[in-house]
Amino acid sequence: MDIEELKSRLERDYVYIKDRPSDKTSQHTQKEAKPYSSTVSISTTEEWEKELMQDPKNRLALSALSSNDAKSVLKQRSATIANTQTFNVKIDSEGAPITNQRSSGRCWLFAATNVFRVAIMKRYNLKEFELSQAYLFYWDKLEKANYFLEQILDTVDEDLEGRLLQTLLEAPVGDGGQWDMVANLVEKYGLIPQSHYPDSFNASNSGVMSSLVTTKLREYALQLRQLASRSSNAKESLGAAKEGMMREIHLILTIMLGPPPNPDKEFTWEYNDKDDKFQSLTTTPLKFAGELSSQASVKANSGTNIHDLFSLVNDPRNKYGQLLSVSRLGNVVGMRPVRYVNVDMTTMKTACISMLRSNIPIFFGCDVGKFSDKNSGIMDTDLVDYEIGFNTRLGLTKTHRLMTHESAMTHAMVLTAVHVIDEKPVRWRVQNSWGESSGSKGWFVMSDRWMDEFVYQAVVDPKFVGKDTQDVLKQEPKMLPLWDPMGALA
């Protein structure tokens, strides 16, 4: 029996429960009260199993779900039909080719450079173009190592077993990041075409490198804390020790990723434009990135300066119209911290639609693993019907998922289109960085309901939000602890 037949039988034989109480506790209290037990009773589980197997629907579910992928069996065909790659608001230049982060956690760098490249493609009349993600990846790893060691020196009086130190030690140089982090990297190191610093094996397969650097940094953390315990001013007295540690990290990164271009040294970029005419540009990585703010680039990008973009987030645990930040979260010491303007979803979606109508792509952060299918590229809260298979509902709200660490930003992608009916969004077009074998040749589609539930961030141009939202950036931020879900790195 194939999966489609199993699904058909499962839906046909399902016993729907009418007038089901919304609170399951009320169901149980209708039965004869039983003494409370703090242990698992074998006899009780036998009773449950006997009752369970009396229902033919459950026997069918056992047959189907014990021998097949549950998401495949419970996938709803209606969601596939509803989420088509057709949109009535779409930017005129989405950027090409589809990128592939491969076995690395660099989605934030791919999403950011996929936004940057659209402006560059317009500026230089390009059909296809890709920025070097590995270039930013190299400098991010080195900066994160330095940031981590500075945090260790700043917390020498904290308990090593305490939550703060344990969180810092958990992932000192993870692959993930945030928009403000990539903004720091671009400001300090600039941008460069991928052809001038392509992926090495370890950029595309970062696990071994990240593990090695993490192990060394944990070792250094203990050494610095021990040395600091003997000094009245740790930062002044441990400069040589820290420099030696950073030099070793630099060695590992350089050998595994390759020496990166110098941000201030000129390179010559040769290319053929959209009309197949040969062109040549001599510049530096910093000047190349700075060109995005030039009058010509801003004009080509519908008046938007890419360097002015900022993050809106939707965190229903916290007050809307409030500036949020995360304590000790960053990558470049002395540069901008991670900052979020907390807004309701209507404000976020309105800004996104306005940007798409102005032909500007949108970096966004979400929890990609929830109710999504990598093969079809569909993200929809109705995609998998767990109730039909298990007779239970998943009742957590977005607020509850954040409160219980059930959900967080795990992935960054790019919005390039939306389908709007009666001024309300229905579905969104998503450019992913998992290669052309995922989704529809690399493109995903997201239902608006999925956006409400699992999208947490959108990076927008200030001119597409009201002055009251812009003014939130002037506030002193509410500082969230490092372990807060909003501190998750996409």
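With which residue does Asp484 form a salt bridge, and how far apart are the closest N and O atoms?

A: In this predicted model, Asp484 forms its salt bridge with Arg317, and the closest N and O atoms are 2.8 Å apart. Asp484 lies in the segment after strand S14 (478-480), while Arg317 belongs to the loop between strand S4 (310-313) and strand S5 (322-326); the pair therefore ties together parts that are 167 residues apart in sequence. The two partners can also be described by their accessibility. Asp484 counts as buried because its relative accessibility is 10%, below the cut-off of 20%. Arg317 has a relative accessible area of 28% and is partly exposed.

With a relative accessibility of 4%, Val472 counts as buried. Val472 and Gly321 are 151 residues apart in sequence, yet their C-alpha atoms are 6.3 Å apart in space. Leaving aside residues up to four places away in sequence, Val472 touches Gly321, Gln322, Leu323 and Val341.

Side chains of opposite charge can pair when their charged atoms come close. The count for the structure comes to 24 salt bridges. Two of the salt bridges involve Lys216. In one, the side chains of Glu219 and Lys216 meet at 3.3 Å, N to O. Glu219 and Lys216 are three residues apart in helix H12 (residues 207-228), and are thus separated by about one helical turn. Glu219 is partly exposed at 34% relative accessibility, whereas Lys216 is buried, with a relative accessible area of 19%. In the other, Glu248 forms a salt bridge with Lys216, and the closest N and O atoms are 3.7 Å apart. Glu248 lies in helix H14 (residues 239-257) and Lys216 in helix H12, so this pair ties together parts that are 32 residues apart in sequence. Glu248 is partly exposed, with a relative accessible area of 40%.

Arg429 takes part in two kinds of contact. Together with Lys90 and Glu94, Arg429 is linked in a network of salt bridges. The charged end of Arg429 also sits over the ring of Trp443, 3.8 Å from the ring centre. A contact of this kind occurs as well at Lys374, whose charged end sits over the ring of Trp434, 5.2 Å from its centre.

Aromatic rings may also meet one another. A pair of aromatic rings is described by the distance of the centres and the angle of the planes. The structure holds 16 aromatic pairs. Phe129 and Trp269 form one that is tilted, with 5.3 Å from centre to centre and 50° between the planes. Phe129 lies in the loop between helix H7 (107-124) and helix H8 (133-154), and Trp269 in strand S2 (residues 267-272), so the pair ties together parts that are 140 residues apart in sequence. Both Phe129 and Trp269 are buried. Phe371 and Tyr386 provide an edge-to-face pair, because their planes stand at 75° with the ring centres 5.8 Å apart. This pair links distant parts of the chain, 15 residues apart: Phe371 is in the loop between strand S7 (362-366) and strand S8 (372-373), and Tyr386 is in helix H18 (residues 386-390). Tyr386 is partly exposed, with a relative accessible area of 22%. Phe129 and Trp269 also belong to one aromatic cluster, which Tyr124, Phe267, Tyr271 and Phe288 form with them.

Finally, contacts join helices. H7 packs with helix H10 (residues 179-189) at an angle of about 65°, and the axes are 10 Å apart. The crossing of H7 and H10 is right-handed. On the side of H7, Trp108, Leu109, Ala112 and Phe116 take part; they meet Trp179, Met181, Val182, Leu185 and Val186 in H10. In helix H9 (residues 163-170), the residues Leu164, Leu165, Thr167, Leu168 and Leu169 are buried. The buried residues of H9 pack against H8 and H12.

To return to the request, the salt bridge examined here joins Asp484 to Arg317, and the two residues lie in parts of the chain that are 167 residues apart in sequence.

Note on methods: Residues are numbered from 1 along each chain as its sequence is written. This is a predicted model: local features need pLDDT of at least 70, side-chain atom pairs count only at pLDDT 80 or more; totals for chains, interfaces and linings use all residues. Side-chain values use heavy atoms; hydrogens and water are left out. Rings of Phe, Tyr and Trp (its six-membered ring) pair if their centres lie within 6.5 Å; planes under 30 degrees apart count as stacked, over 60 as edge-to-face and the rest as tilted. Helices (H or I, at least four residues) and strands (E, at least two) are DSSP runs, numbered from the N terminus. Buried means under 20% relative accessible area, exposed over 50%, partly exposed in between (1.4 Å probe, protein chains only). A charge sits over a ring if NZ of Lys or CZ of Arg is within 6 Å of the ring centre and within 35 degrees of the ring normal. A salt bridge is a side-chain nitrogen of Lys or Arg within 4 Å of a carboxyl oxygen of Asp or Glu. Axes are lines fitted to C-alpha atoms, for helices over the stretch in contact, and angles run from 0 to 180 degrees between N-to-C directions. A crossing is left-handed if the near helix is turned anticlockwise from the far one by less than a right angle, and right-handed if clockwise. Contact means heavy atoms within 4.5 Å.
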